[in-house]
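Thanks for coming. I'll take a few minutes on strand pairing and then on a pocket. Please have a look at the sequence and the model first.

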Amino acid sequence: RRKGVFSALLGEAERVLGRFNYASELFVIDSRSGVGKKAAASFGACHEYTEYAMRYVGGAALLSVDGLSIARLGEDSIDSLVELRAEAFKGSREDAESFERTTFVSANRQVYGAYFGDLLVGACSLGFEGRSVSINGLVIAQARRGRGLGQAFLAAIVFMLSSGGYEMLLDVNSENVNAFHIYQKLGFAVRRSVDYHRRAIR
């Protein structure tokens with residue numbers, strides 16, 4: 001340490017990135033690392049966001065929203081899922097379809113949907129690894145947000161998994177303040193956090 005090795009490696013990495021026209025880079029640092037944060041600052045990197053890894057610690061109550069039901073989805077739901085994700089995340093249909101097809105071909109993943117009648121208004125993916133389950137890709141239709149549907153949908157998923165004795169994990173970006181507070185209300189607590197610091201490539 002303190003012999004310029006990291007600076008040399010960083011310089012070489014930036015030369016490679018520059019050839020591909022990247023304008024900036026991210027320093028990924030454990031939030032507990034004061035040394036890491038000081039190092040990032042010394043290179044002129046600025047904190048951009050924090051990613052929280054959360055674990056369910058208990059306390060969620062099953063919430064009721066009139067007309068809302070949940071069900072496990074199959075591949076016959078791909079078109080509806082693609083439309084939901086592409087609209088909600090303002091992404092391409094190709095990216096949304098790739099995400100869904102990758103999920104359905106995985107033996108340890110399941111997809112659940114939230115319905116109002118026959119209308120799919122929400123979805124999330126569950127990844128099973130032993131007795132642990134990661135909750136990913138939670139989405140609610142843009143036009144249905146702000147009505148408590150996301151919280152009620154996730155509460156139902158948590159209740160189902162908790163009844164089966166599963167450990168539940170999820171990740172959330174600090175920029176998604178509303179989701180972070182909802183997860184806390186439903187009994188999730190931060191177990192680890194990582195800071196992202198951005199620096200322009202010179």
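Strand β2, residues 46–56, is joined to β7 by five bridges, and the two strands run antiparallel. This is a predicted model, so please keep that in mind throughout.

Over three bridges, β7 pairs with β6 in the parallel sense. Here S132 stands opposite E167 of β7. To get from β6 to β7 the chain passes through α5, and this β-α-β crossover is right-handed.

What is the volume of the largest pocket? About 770 Å³. Its lining is made up of 25 residues, and those closest to the centre are L138, N176, A179, I182 and Y183.

Which elements give two or more residues to that lining? They are β6 (132–140), α5 (149–163), β7 (167–173) and α6 (177–185). Of the elements, β6 gives the most, with six residues.

Last, the make-up of the lining by class. Twelve of the lining residues are nonpolar, nine are polar and four are charged.

To recap: β7 has β2 as an antiparallel partner and β6 as a parallel one, and both β6 and β7 give residues to the lining of the largest pocket. That's what I have.

Definitions and conventions
Residues numbered from 1 in each chain as written. Predicted model: local features only at pLDDT ≥ 70, side-chain atom pairs only at ≥ 80, totals over all residues. Heavy atoms only, no water. 1 Å grid on protein atoms, 1.4 Å probe; cavity = no way out; pocket = protein on both sides within 12 Å on 5 of 7 lines; lining within 4 Å. Points joined across faces, edges and corners; volume = space filled by probe spheres on them. Helix = DSSP H or I, 4+ residues; strand = E, 2+ residues; numbered from the N terminus. Nonpolar A, V, L, I, M, F, W, Y, C, P; charged D, E, K, R; others polar. Pairing = 2+ DSSP bridges. Right-handed = clockwise from strand over helix to strand, strands pointing away.
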